[in-house]
There are 2 protein chains.
Amino acid sequence: MNKTKKQIVFEAAAKLFMEKGYLAASMRELAERVGLEQASSLYNHLKSKEDVLRKICLENADKFIKGIDEIERIKNDPITQIKALIHLHINIAAEDPTSVTVFNDEWRHLSEPYLSDFLAKRRNYENRFKAIIEKGIQTEVFKAIDPTVAFYTILTSVRWIHYWYKPERNISIEKLESDIFDLLVKGLQKE
Amino acid sequence: MNKTKKQIVFEAAAKLFMEKGYLAASMRELAERVGLEQASSLYNHLKSKEDVLRKICLENADKFIKGIDEIERIKNDPITQIKALIHLHINIAAEDPTSVTVFNDEWRHLSEPYLSDFLAKRRNYENRFKAIIEKGIQTEVFKAIDPTVAFYTILTSVRWIHYWYKPERNISIEKLESDIFDLLVKGLQKE
DNA sequence: GTCTATACGATGATAGAC
DNA sequence: GTCTATCATCGTATAGAC
């Protein structure tokens, strides 16, 4: 299955945004990377630089929303739900690390009203993630630590997996998943 | 104790870098914020935009290096050392959240040779942090999970505390510290 | 120490020829 | 679909008057 030039351009843009950051990435360099001599030629394949960023941010936000929709629907107890959330973050990051990096690090360069839309989606996801932890604490499945601290510590450690996890490290994603689960849920210390 | 204009300019720059990102922060806006009409007037107080970034990155890198120096010197067992590392990250972040945010998020805009210097320092710190975890695993104080996974999961969760921890949340830094320690070392799950 | 004036390059994007 | 030509704007930074 051949990629369209549009797909090639969008993927190269995501990679460039990841490597240099959105602002430092120039349309002229993007053109070079896809074999075009002129930046102006890019505009047959995309509407604007920000439009590319918008699509990346939106796509990934939707992946997380869909993921937590299903977790809330299918799973019941907080432990299983946390396990599924870790699974969700790792799988999204492993599937398309470039795109998820841009989503995580460059969303703040969205202009309004896209920025507000994005933040609303993110808040929605985070509130639901946090509610799962709160339920676990209330039902005494989890320790009585501050729910905000627990929530952000867990979210932060799974949110930036793409920063360091490279398949070259010879850790399978199954091992990654179960080690992170063991660490966060059962603790680093041996009994 | 009065602040010199230089201090005022440097602090405003750090805040601007944090709020907009280094590249999006302009010298013209910085001038406005410190009550100067012209960006050119700033150059009496700083050498260049990047020079400000360099100082921020270097200062914070040194704080972490000094911190781990002392931890290696004074503490013995891995559990106490991990506790002290969590303490270190939280204290540095609480002391000057603006500066540590810029240090964490904007270092990649350093130019050579400063970038290489910075990365060397960071690698040094991370290797020593990781060695503490590895020692814990070898001496069977810690679980036999992959040391790289354990290291990055813990580092990531303490490295981005400044993203969400605000004193307004009414969590004291002592409580923050002990909750994060409980979560990471003893696990979220209740016995 | 702050100002005016200015140099100089890079940026995203558009119009129109081919 | 790619090119040439071009635009308006903004970026950091310097020289020199006051």
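Which residues of chain A are linked in a network of salt bridges? They are A:Lys15, A:Glu19, A:Lys20, A:Glu29 and A:Arg33. The legends below start there, and everything in them comes from a predicted model.

**View 1. A salt-bridge network in chain A.** Five residues take part here: A:Lys15, A:Glu19, A:Lys20, A:Glu29 and A:Arg33. One of the pairs to look for is A:Lys20 with A:Glu29, whose closest N and O atoms sit 3.1 Å apart. A:Lys20 has 34% relative accessibility, so it counts as partly exposed.

**View 2. A:Arg128 and A:Glu72 pair up across the sequence.** Here the closest N and O atoms of the salt bridge are 2.6 Å apart. The two partners are 56 residues apart and link distant parts of the chain, with A:Arg128 in helix H6 (residues 114–138) of chain A and A:Glu72 in helix H3 (residues 49–74) of chain A. Their surroundings are worth a look too. A:Arg128 is at 16% relative accessibility, and because buried means under 20%, it falls in that class. A:Glu72, at 35%, counts as partly exposed.

**View 3. A:Glu50 and its contacts.** Stay with helix H3 of chain A, which is also where A:Glu50 is found. This glutamate is buried, with a relative accessible area of 16%. Skip its neighbours within four places in sequence, and what does A:Glu50 contact? The list reads A:Tyr22, A:His109, A:Leu110, A:Ser111 and A:Tyr114.

**View 4. A salt bridge from chain to chain.** B:Glu106 reaches A:Arg108, and the closest N and O atoms are 3.2 Å apart. B:Glu106 belongs to helix H5 (residues 97–106) of chain B, while A:Arg108 is in the loop between helix H5 (97–106) and H6 of chain A, so this pair joins two chains. Is B:Glu106 buried or exposed? At 6% relative accessibility, it counts as buried. A:Arg108, at 27%, is partly exposed.

**View 5. The interface around that pair.** Four salt bridges are found across the interface of chain B and chain A.

**View 6. Helices H4 and H6 of chain B cross.** The axes of H4 (residues 78–95) and H6 (residues 114–138) in chain B come within 9 Å and cross at roughly 145 degrees. H4(B) passes H6(B) in a left-handed crossing. On the H4(B) side, the residues that meet H6(B) are B:Pro78, B:Gln81, B:Ile82, B:Leu85, B:Leu88 and B:His89. Facing them from H6(B) are B:Tyr125, B:Phe129, B:Ile132, B:Ile133, B:Lys135 and B:Gly136. Sort the residues of this contact and you get eight nonpolar, three polar and one charged.

**View 7. Chain A as a whole, for orientation.** Chain A has eight helices and zero strands. Its C-alpha trace spans about 60 × 40 × 30 Å along the principal axes. Of its 191 residues, 52% count as buried. Among contacts between residues at least 6 apart in sequence, 67% join residues at least 24 apart.

Conventions: Residues are numbered from 1 along each chain as its sequence is written. Chains are lettered from A and ligands numbered from 1 in the order in which they are written. This is a predicted model: local features need pLDDT of at least 70, side-chain atom pairs count only at pLDDT 80 or more; totals for chains, interfaces and linings use all residues. Side-chain values use heavy atoms; hydrogens and water are left out. Axes are lines fitted to C-alpha atoms, for helices over the stretch in contact, and angles run from 0 to 180 degrees between N-to-C directions. Helices (H or I, at least four residues) and strands (E, at least two) are DSSP runs, numbered from the N terminus. A crossing is left-handed if the near helix is turned anticlockwise from the far one by less than a right angle, and right-handed if clockwise. Contact means heavy atoms within 4.5 Å. Ala, Val, Leu, Ile, Met, Phe, Trp, Tyr, Cys and Pro count as nonpolar, Asp, Glu, Lys and Arg as charged, and the others, Gly among them, as polar. A salt bridge is a side-chain nitrogen of Lys or Arg within 4 Å of a carboxyl oxygen of Asp or Glu. Buried means under 20% relative accessible area, exposed over 50%, partly exposed in between (1.4 Å probe, protein chains only).
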